[in-house]
Amino acid sequence: MPTKGARGTARSAPTGPQPPQTTNHPHRIAIIGGGPGGLYAAALLKRLRPHREVTVWERNAPDDTFGFGVVLSDETLGGIEHADPNVYAALQQHFTRWDDIDIVHRGTRHTSGGHGFAALGRKRLLEILHDRCRDLGVELRFHSEAPHPARLAGAYDLVIAADGVHSTTREAYAQMFRPQVTAHRCRYIWLAADFALDAFRFEIAETEHGVMQLHGYPYAADASTVIVEMREEVWRAAGFEELDAQESIEHCAKIFADALGGRPLRSNNSAWSTFRTVVNERWSHGNVVLLGDAAHTAHFSIGSGTKLAVEDALALAACLEEQDSLQGALAAYEEERRPVVASTQRAARASLEWFENLALHLDQPPRQFAFNLLTRSRRVTHDNLRLRDPRFTEAVEREFGCPPGTPPMFTPLRLRGLTLRNRVVVSPMDMYSATDGLPGDFHLVHLGARALGGAGLVMTEMVCVSPEGRITPGCTGLYTGKQAEAWKRITEFVHARAPGTAIGVQLGHSGRKGSTKLMWEGIDEPLDDGNWPLVAASPIPYKPHSQTPRELSRAQLTDLREQFTSAAWRAARAGFDLLELHCAHGYLLSGFLSPLTNRRTDAYGGSLAKRLRFPLEVFDAVRGVWPQEKPLTVRISATDWAKGGNTAEDAVEIARAFAAHGADAIDVSTGQVVADERPEYGRSYQTPYADRIRHATGIPVIAVGVISSWDDVNSLILAGRTDLCALARPHLYDPHWTLHAAAEQGYDGPGVAWPAPYRAGSRRPQTGRTDAPKPRLSLGS
């Protein structure tokens, strides 16, 4: 019996076509699409209840297929073995297995082992599933267009739409499923070679037209899948648009002749395609349910299409057995699969975008390039790769400059005259706990505790340059001498009690996002009383009910520059080691940078160069009073996550402009510029923006955003995607996060130091006994 699915409260099913019966054991089942997902669902449902009538419609012939090989994970195979041993046994006879991944770049091949792949021909997989369906009594209708899904929904108890990325069922009910289909920047073609590669192979070709890549893997003793991919503009420049199918294939074989050993490539009616990511708001409508590519797609570079479809079939069959109604089963199926699919799609999107931006990484040292490629989706990490292939990982670490036994996160970094002993930053976090802008005992304890916790750099919250520049009444400032003295108390504590830890100050002005309640009283909500007037680049309220700011005049811009320079001068007197200018998150300087918040028609608005003018003037003024030996960094929002706003390309130009004016690093955040933004959250979701800026400009970067584990930090640093990692919530959960990261990795070097009073805690405390004998026999009652 299939593994049980997720349990929970079933959501109400949408209105729509009603089945003749709505039990959890539908008798008559129609399946649209004869790919692996549809066929496997048919076999499972028929095997579970042999009396069922299960019919599969497939418009093509039995042996028509897109692509050549299929890669399945051990996890997916385990589910197949548990649900249908017959299918598993048949698959086992035809698998090609291998462990290595080869990355070939600029004539150098690096091999990483220990990965474990299993593949077989797609036609063979279909044959196995065809045979299993026939043995079980499933009716297979080839060369047959399925009736309209509305007709099937009226005649059958359940309709499973497994009709692929171009699903006609999904389009027929588009208003209910609400699909979002995103086309991407690369063209690719699915081909095959009549010999077996000895590893999963990635090969990079730098041509006169641009970079191209080959993805290849064996799927039989005498055959390999070969996918050739390149950016759209490269595809056009190389003339592929003008070539017929055979000419394209021959040209690809010539470009990658070394990988192929001079052998030809072949096609199965393959054509150049643009990958499309499919996301649906709903997966079911009445008694019609989406499965596999009809419901979701994930880029082939992580090899998940067939895997997801087969796992969908397993989950759907399990939920139909477990739930009390058909509608409950379909809701449970979606509830179980949606988070798994979303996680896979995030990884696939990261992998897809890495290959789209492959040209950024070409100048990396070969081993670091290989490590970067292997960890591109965030599913393979430094620690994971060290377990799979310690020799390869140690070689990457040596090339990076890690001393023996030193994790990448504990290597030093120099910014101007400041050397940070490790790559961990306590990210700026607004505490909303000041009175009249004055930091007090809370701030001493908060920042002092995190400095004692081992991070290389501890940042203050955004410290405001004027009373009117505060976000809330609880925000700190540096607009009086008394505030500077209070900050000096904190920096002196850090320098005396946590030697080796640097402390930085982030200066900013709230702009149109000021005069609001404390976060826990209503984030971004205007004060009920005691409001102060707001100023901004343009008179646009943050939310419809927010206060409308006044547009800054030329004279006021001059006053603001003076406020920033005065605060910077006080910060230097207070003993801070680093200063960061806050030009992100929709605050005043960020408001000048974004076209969504800057509608000015004078010299400070319009083109990006003009929108940069005032933030650069402030930067120059601050740099003029900030000590030359101390670094000055800038935090930016690398995308507004909103139509018409700044993009990743704009972020590169913004970073380049600040670098030209002397910025020592760019702290790369995103969004929070407009209230109607649409962020794409996920693990280390902002890092690709830091990566792009770093490789396009050469300036050091700080990555931030859902970086939560020391393994993530090591992976990002060693791959060269960032120079520093800033963590916020992990440091709220554990002020000693960095010390604990060192202890858990067995590291005790100069990159981190336990304060003398805490050394007794440098080992994990003992817990309850876990070595009791395991029960060996269960007796029945």
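Predicted model: local features only at pLDDT ≥ 70, side-chain atom pairs only at ≥ 80, totals over all residues.
Residues are numbered from 1 along each chain as its sequence is written, and side-chain values use heavy atoms, with hydrogens and water left out.

Let's start with residues 29–345, where an unreviewed UniProt entry places the feature "domain: FAD-binding". UniProt positions are given here in the numbering used for this model, with feature names shortened, and annotations may be inferred rather than shown by experiment. This span is 38% helix and 30% strand, and its end C-alpha atoms lie 29 Å apart. Helices (H or I, at least four residues) and strands (E, at least two) are DSSP runs, numbered from the N terminus.

Now look for the open sheet of six strands, which goes β8-β2-β1-β9-β16-β15 with mixed pairing; two strands pair if DSSP finds at least two bridges between them. At the edges stand β8 (139–141) and β15 (284–285), each with a single partner strand, so one side of each is left without a neighbour in the sheet. Further in, β1 (residues 28–32) and β2 run parallel and share five bridges, with Ile 29 partnered by Val 54 in β2. Four of the five residues of β2 (residues 53–57) are buried, so the strand is largely enclosed by the rest of the structure. Buried here means under 20% relative accessible area, exposed means over 50%, and partly exposed is in between (1.4 Å probe, protein chains only).

Strand β9 (residues 158–161) is joined to β16 by three bridges, again in parallel, and Ile 160 stands opposite Val 289 in β16. Helix α12 (residues 326–356) lies across β9, β15 and β16, running at about 10° to β16. Contact means heavy atoms within 4.5 Å, while axes are lines fitted to C-alpha atoms, for helices over the stretch in contact, and angles run from 0 to 180 degrees between N-to-C directions.

Next up is β10 (residues 179–193), which pairs antiparallel with β14 over seven bridges; Thr 182 has Thr 277 in β14 as its bridge partner. Eight bridges also join β10 to β13 (residues 223–231), antiparallel too, and there Tyr 188 stands opposite Glu 229.

In the strand pairing you'll find a closed barrel of eight strands, β19-β20-β21-β24-β25-β26-β27-β28, with parallel pairing. Neighbouring strands of this sheet are turned by 25° against each other on average, direction ignored.

On to the aromatics. Rings of Phe, Tyr and Trp (its six-membered ring) pair if their centres lie within 6.5 Å; planes under 30 degrees apart count as stacked, over 60 as edge-to-face and the rest as tilted. By this rule the count comes to 26 aromatic pairs. Take Phe 275 and Phe 300: their ring centres are 6.3 Å apart and their planes stand at 80°, so the pair is edge-to-face. Phe 275 lies in β14 (residues 273–280) and Phe 300 in the loop between β16 (288–290) and α11 (305–322), so the pair ties together parts that are 25 residues apart in sequence. Phe 275 is buried at 11% relative accessible area, and Phe 300 is buried, also with 11%.

Tyr 432 and Trp 520 form another edge-to-face pair, 6.1 Å centre to centre with 80° between the planes. Tyr 432 sits in the loop between β19 (424–426) and α16 (441–452) and Trp 520 in helix α18 (residues 519–522), so this pair ties together parts 88 residues apart in sequence. Tyr 432 is buried at 10%, whereas Trp 520 counts as exposed at 54%.

Ring pairs also link a cluster whose members include Trp 98, Phe 117, Tyr 217 and Trp 354.

Finally, a charge sits over a ring if NZ of Lys or CZ of Arg is within 6 Å of the ring centre and within 35 degrees of the ring normal. Arg 187 lies over the face of Trp 235, 4.0 Å from the ring centre, and the charged end of Arg 613 sits over the ring of Tyr 604, 4.8 Å from its centre.
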